[in-house]
Amino acid sequence: MRWMFLKCLIPWLLAANLFAENATTVDDAIPAVVRALPQPKVQDFPNGLQMAITAKNEAAQNAVIQGINHLHGGWEMEATRHFAHALKEDPNCLMAYWGIIMSTLTPSPETGPTRNIATERMLDLVDQGIGSELERGLCYALIKYIQEGPQAAANAFRKVARDSPNDLQAPIFICLFSRSGYDIIGSPTPDQQAAEEILTKLLEKNPDHPVLLNALLTIRAEAPDLSASLPLARKLVQLVPNYPPYFHLLGHYEWRCGNHGKAASAFGKAASAFEKWMQQNNATNADCPEWVRSECYRITALNSMGDAANALAAANKLAKLPLVEGRTSSAGMRLMLWEATTLPARIHLSQSEPDSIKKAIASLAPPATLKPTHAHSLAYWWIDGLRLVLEGRRLIDEGKLEETQHVLAAIAQHGEAMSRTQNAAAESGERSSWTRAFRALEVYASELRGLAAMAGPQSGIGSAYNWFSSAADRQQPASVLMPPMVLYPMAGRIGEYFTKIGKADDATDAYLRALEMEPNHERILQSLKKIYLSAGKEEDAKRIDEQIKHLADD
């Protein structure tokens with residue numbers, strides 16, 4: 001068994017420098033940032049995942065079970081802490097090593113070396129015959145993921161599921177690794193549909209199982225319409241009260257369904273719980289990217305429901321938090337760079353106030369301030385690209401359209417250069433943030449070209465429709481439970497175009513399309529209300545006005 005593992009992993013092990021001559025200890029398999037934190041507290045997971053764990057004592061077994069439930073909840077740091085505690089109790093606990101590897105799969109300078117040592121130790125234990133057949137099967141599936149990727153892992157988990165039909169983890173991992181999302185028109189792909197069916201059937205047998213429910217809601221989170229699943233998200237936080245990852249998931253569903261006040265409340269509960277966790281454990285936002293994510297999403301919800309003043313106040317406060325010294329490569333600090341530092345500028349971009357662009361430009365950190373972060377994160381590509389977009393918007397506002405064309409050319413060159421960093425983003429663990437930012441810059445670039453056309457000669461205004469349509473087509477629903485990077489639905493720009501050329505019915509259709517992307521977006525609702533009033537549709541305008549009044553309801 002050991003030789004079969006090593007034969008396929010020799011190139012990877014060599015690259016990871018796992019054939020070190022020096023003997024390793026248990027601490028070597030635990031990230032230093034985890035060792036620096038106190039022993040984790042026990043979280044109550046009613047009806048959570050249970051599994052027979054091979055370990056020398058009950059304390060190690062319970063710690064692994066805690067880690068497994070946190071792992072499936074998406075709280076990787078807390079999962080790692082519990083798996084690390086299990087190793088302290090039993091240095092030969094196979095599932096503790098498996099858990100540390102699973103919790104630190106995303107490449108990171110802070111966790112990569114210890115993950116490699118944990119992998120070597122896990123292979124040693126498998127070679128010694130430690131662990132049950134189920135435990136060794138889970139280890140094999142993990143190695144298949146490292147070696148060959150998600151589809152190979154899904155196939156390996158299918159074998160585990162056949163051999164251990166009562167285990168719930170294997171089918172969950174099958175779904176997580178095999179699902180392929182939704183196609184361009186929003187329909188589930190065959191693999192996505194199969195994954196949802198597996199979890200739905202399991203939930204029919206286990207209707208109050210929070211981990212199964214969370215898994216289904218997680219893989220559905222990018223669907224075009226989440227309204228049918230919203231009751232399940234609300235049920236989840238009732239099954240496991242006060243668990244911040246589940247409140248964040250609920251916030252995502254509420255926001256995508258247009259319930260901005262409820263979303264802000266759910267994100268607020270998540271952020272408060274994460275903040276309490278940081279205080280109790282003497283941790284920082286470098287250790288808790290989940291807090292950064294929830295706070296950014298809460299602020300986004302405030303903005304989309306029309307509470308721009310409070311959204312900007314909170315965004316400015318968040319963006320001004322200093323980076324934790326020596327932790328710029330951490331998941332939390334990287335998320336601060338990709339998301340939080342640009343949030344005030346993006347909120348200003350979503351507004352229509354006369355001085356919004358000047359304020360947006362002023363809110364971005366100067367390039368010299370960001371230079372020390374270049375060695376730790378690729379976020380500066382996103383920030384510099386956004387800076388170019390803002391410069392183009394400023395020139396349009398000032399009527400300097402010829403200079404705007406130079407900026408557009410610079411944005412295109414910047415995009416080409418940034419595209420060449422994609423592999424580096426994947427290797428450094430920033431692929432998700434990089435992809436979101438790159439797509440956002442594409443949307444902003446198309447929008448900028450449309451706005452330039454709208455501000456130019458009447459003879460060229462028609463091209464604005466094509467550019468706004470391109471921006472709208474590129475814009476996708478918020479992904480990986482993150483808030484959108486572009487905070488204004490681009491179909492609204494199409495509505496503005498049709499309004500300008502006097503086509504009220506087409507403008508109405510465009511604004512309704514924008515509301516399909518972001519239901520109850522306050523600025524879109526205000527524009528739609530104006531269109532109805534100008535067309536004499538007072539009852540429709542009154543209905544929209546009532547929607548606006550209830551946006552803050554929680």
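**Close-up views of a predicted model**

**View A. R220 and E196 form a salt bridge, with their closest N and O atoms 3.1 Å apart.** The structure shown is a predicted model. R220 belongs to helix α11 (residues 210-220) and E196 to helix α10 (residues 190-205), so the pair ties together parts that lie 24 residues apart in sequence. R220 is buried, at a relative accessible area of 18%. E196 is also buried, with a value of 12%.

View B. R493 counts as buried, because its relative accessibility of 5% is under 20%.

**View C. E339 forms a salt bridge with R346.** Here the closest N and O atoms are 3.8 Å apart. Both residues are buried.

**View D. Helix α18 (residues 343-350) packs against helix α19 (residues 356-363), their axes coming within 8 Å.** The axes cross at roughly 170°, so α18 is roughly antiparallel to α19. On α18 the contact is made by P344, A345, H348 and L349, and on α19 by S356, I357, K359, A360 and S363. By class, the contact has five nonpolar, three polar and one charged residues.

**View E. M122 sits in the largest nonpolar core, which has 182 residues.** M122 is among the members that touch the most others, as are V64, I68, W98, L199 and W382. Helix α24 (residues 431-455) supplies the largest share of this core, 13 residues. Beyond its neighbours within four places in sequence, M122 is in contact with L94, Y97, W98, I101, C139, L142 and I143.

Methods
Residues are numbered from 1 along each chain as its sequence is written. This is a predicted model: local features need pLDDT of at least 70, side-chain atom pairs count only at pLDDT 80 or more; totals for chains, interfaces and linings use all residues. Side-chain values use heavy atoms; hydrogens and water are left out. A nonpolar core is a set of buried Ala, Val, Leu, Ile, Met, Phe, Trp, Tyr and Cys residues joined through side-chain atoms within 4.5 Å. Buried means under 20% relative accessible area, exposed over 50%, partly exposed in between (1.4 Å probe, protein chains only). Helices (H or I, at least four residues) and strands (E, at least two) are DSSP runs, numbered from the N terminus. Contact means heavy atoms within 4.5 Å. Axes are lines fitted to C-alpha atoms, for helices over the stretch in contact, and angles run from 0 to 180 degrees between N-to-C directions. Angles under 35 degrees count as roughly parallel, over 145 as roughly antiparallel, 65 to 115 as roughly perpendicular and the rest as oblique. Ala, Val, Leu, Ile, Met, Phe, Trp, Tyr, Cys and Pro count as nonpolar, Asp, Glu, Lys and Arg as charged, and the others, Gly among them, as polar. A salt bridge is a side-chain nitrogen of Lys or Arg within 4 Å of a carboxyl oxygen of Asp or Glu.
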